[in-house]
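This report concerns the aromatic side chains of a protein chain and their setting in the fold.

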Amino acid sequence: MSRDDVAEVKARTSLMELVKRFADVRRVGNRWMAPCPFHQETKPSFSINEEEGFYYCFGCQAAGDVIDFYCRVHGLEFREGLEQLALEAGVELSRSPQAADPKAQQKRQFRRRAVDIYELAAGYYRQSLFSQHGAECREYLKGRGLTKETVTAFGLGYAPEGWQNLHDFLRSRKVNIADAVECGLLVKNDRGRLYDRFRGRLMFPIQDLSGKVIAFGGRILISSDREPKYINSSDSALYKKGEHLFGLNVARRAISVTRSALITEGYMDVLTLHQYGYENACGVLGTALTPDQIRRLSGFCSLVECIFDGDRAGRQAALRSAEMLLSAGLKCRVLILPESEDVDSLLQKQGTEAFEAVRNDAPDGLEFCMDTIRRDRSPKEIVQWAIQFVTNLNDPELAAFYATRIMHGLGLSEEELRPALASHSEKRGGKKPSLTKSVPKAMSIQAKRERHLLQFALCFPQHIPLLCERGADRAFATSRGRALWEKLIDYGHAGVSAYLDEGEKRFFTECRMEREYLAADEQKLLEEVLDSLQTMAEQAKRREIQKRLRNHAGHGAHDPIEDLRALQQTLGTGRNDGQ
Ligand SMILES: [Zn+2]
């Protein structure tokens, strides 16, 4: 990854378009505002500066550029986020070792073709549903109580009966048939004959967050013993089982507004939930909930409500899911359905009241885990589970938080949990896990001056050369202040943002946000900053002298009195300079 790559991705990606995927963006005065996707609110305090390419939330102080936003909302590391965003923007990360690999380049090109093929196929299935071939399928949807709005919102379609419908359609659109086979839409049998993978099925497109179709699920329309009820696309260049959630692209807004998601198993359940007003519902796509899926959600929600069947298998799955969600630092609740009901049947037969009753009874995730463990396991296994659970928590703060609750909930002693907590204190370099975060010390006057200086430099970079001339390079005494100043000088105002850490980035954006308010007072602020620079320069000299005096004790190389005279002199002349 190079600076050019980062700049290229940023230049080709609209922050506004990206934010719009998660929130309603509105013009307020002369800025663009939205309800914040990162904290729960209905009033918009999330501000977008499209021109300069950064966002800032007045509520939770989240701040950053388009890459930060993408990473945060998808729960990705910087590198990973950059790669995915580059892919979306069609930017080749030229200097990455991957890009040098010709195979990787082929893969990328194939991915692009695959996106087009899936788009074509989705269009074909949608059209078929509303053609004369789709009459039976439309009847089926009606019978399941689905409205046309729901059907359209999720882009449902129909794969007609017959072996070569999609094949012929794709061929007529000049699609490379080998690509379509590799995408998993067509199948080639042992004798080399090509046929459609999905036949006589109601089609559920699986979309990524940008709305691209990346796979399908298909439900058979006329049940038969020879064919499975549901089939999904096989893994492909675009789709890996367990990485995606069905309906997330439709549900993400509601999820980021309410900060909570409803997770269920089946396609139909998701559709029915939406139709009954649960717009934050999405589905796990034929697997148990996976860590990848949790990561996808964790960026923009804090509570996950999981719905499970009331049978033994359902409870087992619920235990695993709750453990994973809790260890990801999310709050979770476990909704167990009455035996032999699924969400779809429950809502259709008994309406939202019955479903709300299940929701109200739903235990908190940790309560559910502990109840299950207490009921099903031997005392020895209980201790083992507790140790395992606490050890698996990545975050020592989280470990401390849960350890106390688990100790009380399962009747364990601190002694018994010690091995798990010890593993965390090793991670923290010997420090004991503690529930209280350290409170930052009150800022010193020096730190405040440095902050003002940096703020001014970030808002009005045209004055940086003058600030340097007046000794800004020597004015910083705190390591944080100095570090940011040096980055600003090394990478320049325009390029520095890629090199900032979290705290610096927040400060950077805050400063840029305030610029428009400060612009009118630029001259006055400049004078203030130059004044304070002078004071800082004097203090720097004082520190220098003090240091020399300290170093001196016992060495006798200099006369301390001489140094003090020098100090007096510099302070004296300092006042006359600088104006
Ligand atoms: Zn916020």
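Is F246 buried or exposed? F246 is buried, with a relative accessible area of 2%; buried means under 20% relative accessible area, exposed over 50% and partly exposed in between (1.4 Å probe, protein chains only).

The model is predicted: local features need pLDDT of at least 70, side-chain atom pairs count only at pLDDT 80 or more, and totals for chains, interfaces and linings use all residues. Residues are numbered from 1 along each chain as its sequence is written, and side-chain values use heavy atoms, with hydrogens and water left out.

F246 forms a tilted aromatic pair with F154, 5.8 Å centre to centre and with 35° between the planes. Rings of Phe, Tyr and Trp (its six-membered ring) pair if their centres lie within 6.5 Å; planes under 30 degrees apart count as stacked, over 60 as edge-to-face and the rest as tilted. Because F154 lies in the loop between α8 (148-153) and β6 (157-159), and F246 in the loop between β11 (230-232) and α11 (248-258), the pair ties together parts that are 92 residues apart in sequence. Helices (H or I, at least four residues) and strands (E, at least two) are DSSP runs, numbered from the N terminus. F154 also counts as buried, at 3% relative accessibility.

The structure holds 26 aromatic pairs. Ring pairs link Y118, Y124, Y125, F169, F198 and F216 into a cluster.

Two arginines lie over rings, as tabulated. The criterion is CZ of Arg, or NZ of Lys, within 6 Å of the ring centre and within 35 degrees of the ring normal.

| Charged residue | Ring | Distance to ring centre |
|---|---|---|
| R199 | W163 | 4.2 Å |
| R252 | F22 | 5.7 Å |
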